[in-house]
Amino acid sequence: MKILVCISNVPDTTTKIAFSADNANFNTAGVQFVINPYDEWYALVRALELKEAQGGNVTIIHVGAADSEATIRKGLAIGADDAVRIDAEPNDAYAVAEQIAAYAKDKDFDLIMAGKETISYNGSMVGAMLAELMNLPYVSLATKLEVTSGVATIEHDIDGGTEVVECTLPLVLSANKGMAEQRIPNMKGIMSARTKPLTVIPATSADKLTSISSYTLSVGRIDCKYIDASNPESLIELLHTQAKVI
Amino acid sequence: MSILIYTEIAKGKVKKSSLEAVNYGSRIAKQLNSTVTAVVIGDADLADLGKAGATKVLKLKNDKLAGLNGQYITAAIEQVATLENASIIVFAHDFTGKEVAPRLAAKIKAGIVAGAVDNPTISGDTFSVNKNVFSGKAIATYTIASAKKVISILPNSFPIELTGGAVEAIEFAINLDAINSPIIVKEVKKVSGELNLPDAELVVSAGRGMKGPENWGMIEELAKELGAATACSRPVADMHWRPHHEHVGQTGVAIRPNLYIAIGISGAIQHLAGVNGSKTIVVINSDKDSPFFKSADYGIVGDAFEVVPKLIAAVKHFKANKN
């Protein structure tokens, strides 16, 4: 089975978010970048489990500049066989999907997997766009994936519950929590990652349909109003009269 | 040119998030001197679509649409968008919206903003929309450069106004003969008898501070008295004290109810990422240094096992006095 896993390079969850003085760019100074957790813990690890059980090949693909190669090597250290980096700034979902589709269209992948969203831009778009551009079925928010004789059985989250679907390969899916458990790369993996193939391919002329013109930090809650533990009635009163939520 | 809104039916009614999307479209229509066409799959009382601002309602007819398969819906919306000459298409950023909006955007090569939190700013040819980024830690202003635009709006971000007129729904036949999705639905497991967490306006959530699943009775009782949905933190779901679908946070469900009451949850950054869009946050924790208090509107430092029963009594008293 040939599996393609799309990975994004994102600031670690605990990063303090800051922007350039003109608020036009994300300030990457001192930021620790990691593989987007949904791409890594769920999509990549499940892809590796399927490969280990049934044979095949797991390729990771990333759209980004050269500074994301440490993140790609980590994916190889966890166990991917080879990697592709498309040399383009990933700042528009359509442009990213278009690049990946252009690469994948003649490669006969059985499965294309992505995380349900990045924890940076929270778009949840590339998987669905890839499916459309490649004219493939798409299953979102998958929590379980089994493949038997070319048919995938997938449990995924739907509005108000879960659904089990069957689909013949090839298909695109987005992975949600539950698909697999996080894997920590071992020393052998880290050593072998250095020599695994990482192919850099130039960007095709991608269309940029959107761009970010500015950022604003969200205003946090400034003051917590404390209520005495012996008098929760006053909380209910405040929720009714002040917050007006009940 | 019209503005097209994808709407859905749940439990025999137009979904609240769909009405928010129609309202949103109608505000854009006013700015652009345009009109709003709502498309809907399924049967229900559709009067609210008109009240929310739609001047035309199209009931999409094709048996393939019943299962809400994204590939079919995308093709159907594209057909309507072409006929209606729609340049802006609005979805709710819910399960269907997350799947279909980007798929449609790719199909018609439209710039998309997924999860909009503000009305667009339109000035000449510049069309900008704000959305949350970095799991709610910041807001980014996106500019859409393409002529066709797709926007999905974050549920529960806009108040609903039902001040529009009556509209007659028109049946609209869709041709999907050219598409055959290989996806076969084998089983649907709906969470029954409970409020759907992402749609809930009030949520009572609890964490490890409850010490064990046997102590959830008071959490459920408080939720029931308030008419709230129940939720939990990640450790609680991981230890199987509560079902997976109740887990809110970065890796669970992101919610933005009007009221979020967190009981015995320390407020890790990953948890906050899933709830910091809530309008009002109440934190009840025995540890006065719990980081969650920094993100709370109201806090009670105290033992949940003493505070929650008093809170239940207070809610009962409040309800009795209200009626």
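## A sheet of ten strands

In this predicted model, 10 strands form an open sheet in the order E11(A)-E5(A)-E4(A)-E1(A)-E6(A)-E10(A)-E7(A)-E8(A)-E9(A)-E13(B), and the pairing within this sheet is mixed. Strands of a sheet pair through backbone hydrogen bonds, either parallel or antiparallel. At the edges of the sheet stand strand E11 (198–202) of chain A and strand E13 (184–190) of chain B, and because each has a single partner strand, one side of each is left without a neighbour in the sheet. If direction is ignored, neighbouring strands of this sheet are turned against each other by 30° on average.

Helix H2 (residues 69–78) of chain A lies across strand E4 (57–63), E5 and E11 of chain A, and H2 runs at about 160° to E5(A). Helix H3 (residues 93–104) of chain A also packs on the sheet, where H3 touches strand E1 (2–6), E4, E5, strand E6 (111–115) and E11 of chain A, with a direction that makes about 145° with that of E4(A).

## Chain A as a whole

Chain A contains 6 helices and 13 strands, and the C-alpha atoms of this chain fill a box of roughly 65 × 45 × 40 Å, taken along the principal axes. Of the 246 residues in chain A, 49% are buried. Among the contacts in chain A with a separation of 6 or more, 71% are between residues 24 or more positions apart.

## A parallel sheet with strands from both chains

A further open sheet is formed by 6 strands in the order E13(A)-E18(B)-E17(B)-E16(B)-E14(B)-E15(B), and here the pairing is parallel. Strand E13 (225–226) of chain A and strand E15 (229–232) of chain B stand at its edges, each with a single partner strand, so one side of each is left without a neighbour in the sheet.

Helix H5 (residues 217–226) of chain B lies across E14, E15 and E16 of chain B, and H5 runs at about 175° to E14(B).

## Where the two chains meet

Between the chains, 76 residues of chain B are in contact with 63 residues of chain A. Helix H4 (residues 95–108) of chain B supplies the largest share of the side of chain B that touches chain A, namely 8 residues. Sorted by class, this side of chain B has 38 nonpolar, 24 polar and 14 charged residues.

Strand pairing also links the chains, for strand E12 (residues 210–217) of chain A and strand E10 (residues 138–144) of chain B run antiparallel and are joined by 7 bridges, A:Thr216 having B:Ile139 in E10(B) as its bridge partner. E10(B) is also joined by 6 bridges to strand E9 (residues 126–133) of chain B, and these two run antiparallel, with B:Val133 opposite B:Ala138 in E10(B). The hairpin of E9(B) and E10(B) has 4 residues between the strands, and in this hairpin B:Phe134 takes a positive phi near 50°.

Technical notes:
Residues are numbered from 1 along each chain as its sequence is written. Chains are lettered from A and ligands numbered from 1 in the order in which they are written. This is a predicted model: local features need pLDDT of at least 70, side-chain atom pairs count only at pLDDT 80 or more; totals for chains, interfaces and linings use all residues. Two residues are in contact if their C-beta atoms, placed from the backbone, lie within 7 Å. Ala, Val, Leu, Ile, Met, Phe, Trp, Tyr, Cys and Pro count as nonpolar, Asp, Glu, Lys and Arg as charged, and the others, Gly among them, as polar. Two strands pair if DSSP finds at least two bridges between them. Axes are lines fitted to C-alpha atoms, for helices over the stretch in contact, and angles run from 0 to 180 degrees between N-to-C directions. A residue is buried if 20 or more other C-beta atoms lie within 10 Å of its own, exposed if 12 or fewer, and partly exposed in between; C-beta atoms are placed from the backbone.
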